[in-house]
Structures are given as C-alpha cells and as structure tokens.
Amino acid sequence: PGSCPALCECSEAAKTVKCVNRNLTAVPPDLPSYVRNLFITGNRLAGLPAGAFPAQRLPDLSALNLSGNHLQAVEAGALAALPALRQLDLSGNPLASLSPQAFGEGGSPLEELALHGALRNHSVLLSLAAMLQSGVLRNLSRLELADNGLLLLPAGMFTALPALRQLDLSNNSLVGLRNVSFQGLGQLQSLNLSDNSLGVLRNSTLAQFRGLPALQRIGLGRNPWVCDCAIEDLVAWLKESDQVEGKEALTCAYPDKMLGKALLKINGSELNCSVPVDLPSQLQTSYVFLGIVLALIGAIFLLVLYLNRKGIKKWMHNIRDACRDHMEGYHYRYEINADPRLTNLSSNSDV
C-alpha cells in the first residue's frame, strides 16, 4: 500500500503521486492507497476503461489530473470507484467518446470539472449534456468548458446543476444563448462568456440573468457586438447592472459607422429605432395588404363581367354556333367516308 509505481514520483507526506510525461499507456495498477492528489499528465493513455482505478484501493483520492494524455474514450464506470473524488481535470484531451455513465449511476461527489479543449467533437458535447442532465453530478460547483470551439449549447444542459457556482464558457464560438437555460442555477456566482461570437443578448437571456440572485460576475469582453436596434435591451441592462466586469470596454463591431463605439454611450437616436422593428408583424401587415389588393381585383373583374353580360352572352352563342357548324362538317365527312356509294358519287362529282 505504501509503494510507489515505477516511473512515478510519490510523497506520502503530501499524499501526492505524480506520473508526468512518462509515456504511460494505462493507469498504474499499484497506486498507493494514501494518495489524495494524483497527477497523470502528458502521457499516452488512449482510453479509460471501466475499473481504470482499482475499486476500494483509492478511498482518499480527491484531486485527479488527467490532462494532456491523448485520451479519446472514457467508458462507463471508468470513474465510478472513487468515493472521495472532488476535482477532475480532463483538459487537452481529444475526446471522441464520453460515456454518460462514466461516474456510474449512483451519483458522484465531484465538485470541479475542467474540460478545456476536450469537447471538439460534437457527439462528446451531447454526451456531456446527457451526463449533466442525468443528475449524477448534482454536487458540481465549478465547470470549465473554455477553448472548445462551441457554436451552440444543447438545450437544458445546466438545469440539473443546483450547486453550480462558477461556469466558464470563454474562448469559444458561441453565436447566441437563446436555447440556453440558466434557470435553477440559484448558486451561480460567476459566468464567463468572453472571447465568443456573441452579437447580441436577447431580453429573455437578460431576464434570466436578473433572476439569478447570487450572480456577481459576468464576463462579456471581446465579443463582436452588433449595434443595431436589437442591442437596445442589452445597452439598457448594462447601464443598470453592476454584474458585468469591464463593461466600459465593451464596443461595437458592426455596422461600420458604429465600429469602436462604447456600448454604454449608445443612445436610441444613433440606432434609428423610433419605429420598432418587428418582422412578424411586418409580414402579417403585408399579407393583409395583399389580401385586400386581390379582393379589389376580383371585385373589378366581376363588375366588368356584369357590365358586359349581353356582349359575353352573344359571344358565347357565336362560339356555340361555330362549334356546331364545325362538328356538323365533321359528321358529314364521316358519313361520306363510311358509305362506299356516297364515296363513289363524291368521286364522280369531283370528276
């Protein structure tokens, strides 16, 4: 129990084991039971199978760092036998498969989860969302999802994290938060959305921010804000809120005439928003106008028909007579062709 695995450095006094940059391909099976802080980083672990950490052998392991190990798969039950695990770092691994049952099904005491640069694969993001929504990580207080190139987040991804206090979504490519729900995060204190592709925050998202009683810090820096009529709600919220860090430095990126303009210095006259832009209502008005025009054209057409009813009736009679004469001609020719005697008579008459 007190031995140290080959290629690792151990300190029983500090309860720490370090297996760093040793080209390990699997978790050492002979880890000392006293370990609380385990660093297995910079190795070549292809995956974490079920039972990767010996059951009941690491009762005090609370901090596990597996960053930069070329991990591609974390299988079901791989992290289930760690009853004291509080911190887990999987950053810098090109994960291609993450089982929603990686922590088992009975729940985990995990409080901090770091996944910097580990969610480049969209299917892994969906698996993580399923894991979080299952409630197995209800004790999670810190979640780091930075540097993953995320465009959109799965709906309801954070709804089963009542203890979450810090959420880091920085350095991604998020274009909007319309389908993201922050409801239920009553303990959330810090939200980092800096270095993304956010052009605007809708009123529904701002209303969620207002409804988070513990939220103290929101990072919105280095986003390409689009300063048109849709930005008014965000500007009004920034002026009244003291939650946004460095809000004075937030500037417009589009359109060109507003480039570099501080969001806090924008007023309605610059945006030409005296008439609210409501696309659905505009479409509805257009449909009504089109219906009126078509009805007017139909009424004029019916009026013309009524005024010219005699002429139309005469015209129809003429067409009927012409059709009847034409059909009689066809009938006469058919009778001649059908009777050989009339055919010969017709020939002689022609001669």
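These legends describe close-up views of one predicted model. Residues are numbered from 1 along each chain as its sequence is written, and side-chain values use heavy atoms, with hydrogens and water left out. Because the model is predicted, local features need pLDDT of at least 70 and side-chain atom pairs count only at pLDDT 80 or more, while totals for chains, interfaces and linings use all residues.

**View 1. The largest nonpolar core has 85 residues.** A nonpolar core is a set of buried Ala, Val, Leu, Ile, Met, Phe, Trp, Tyr and Cys residues joined through side-chain atoms within 4.5 Å, where buried means under 20% relative accessible area, exposed over 50% and partly exposed in between (1.4 Å probe, protein chains only). The members that touch the most other members are F53, F103, L128, L143, F158, F209 and L220. Two or more residues are given to this core by each of β2 (16-20), β3 (37-41), α1 (122-133), α2 (203-210) and α3 (232-240), and the largest share, six residues, comes from α1. Helices (H or I, at least four residues) and strands (E, at least two) are DSSP runs, numbered from the N terminus.

**View 2. L220 and its contacts.** Leaving aside neighbours within four places in sequence, L220 is in contact (heavy atoms within 4.5 Å) with L193, S194, L201, W225, W237, L238, V244 and L250.

**View 3. Helices α2 and α3 cross at roughly 20 degrees.** Their axes, which are lines fitted to C-alpha atoms over the stretch in contact, with angles running from 0 to 180 degrees between N-to-C directions, come within 10 Å. The angle makes α2 roughly parallel to α3, a term used for angles under 35 degrees. On the α2 side the contact is made by N203, L206, F209 and R210, and on the α3 side by D233, L234, W237 and E240.

**View 4. Q208 lies in helix α2.** Q208 counts as buried because its relative accessibility is 15%. Not counting residues up to four places away in sequence, Q208 touches V180, S181, F182 and Q183.

View 5. Over residues 287-307 the chain is 100% helix and 0% strand, with end C-alpha atoms 31 Å apart.

How values were computed
Angles under 35 degrees count as roughly parallel, over 145 as roughly antiparallel, 65 to 115 as roughly perpendicular and the rest as oblique.
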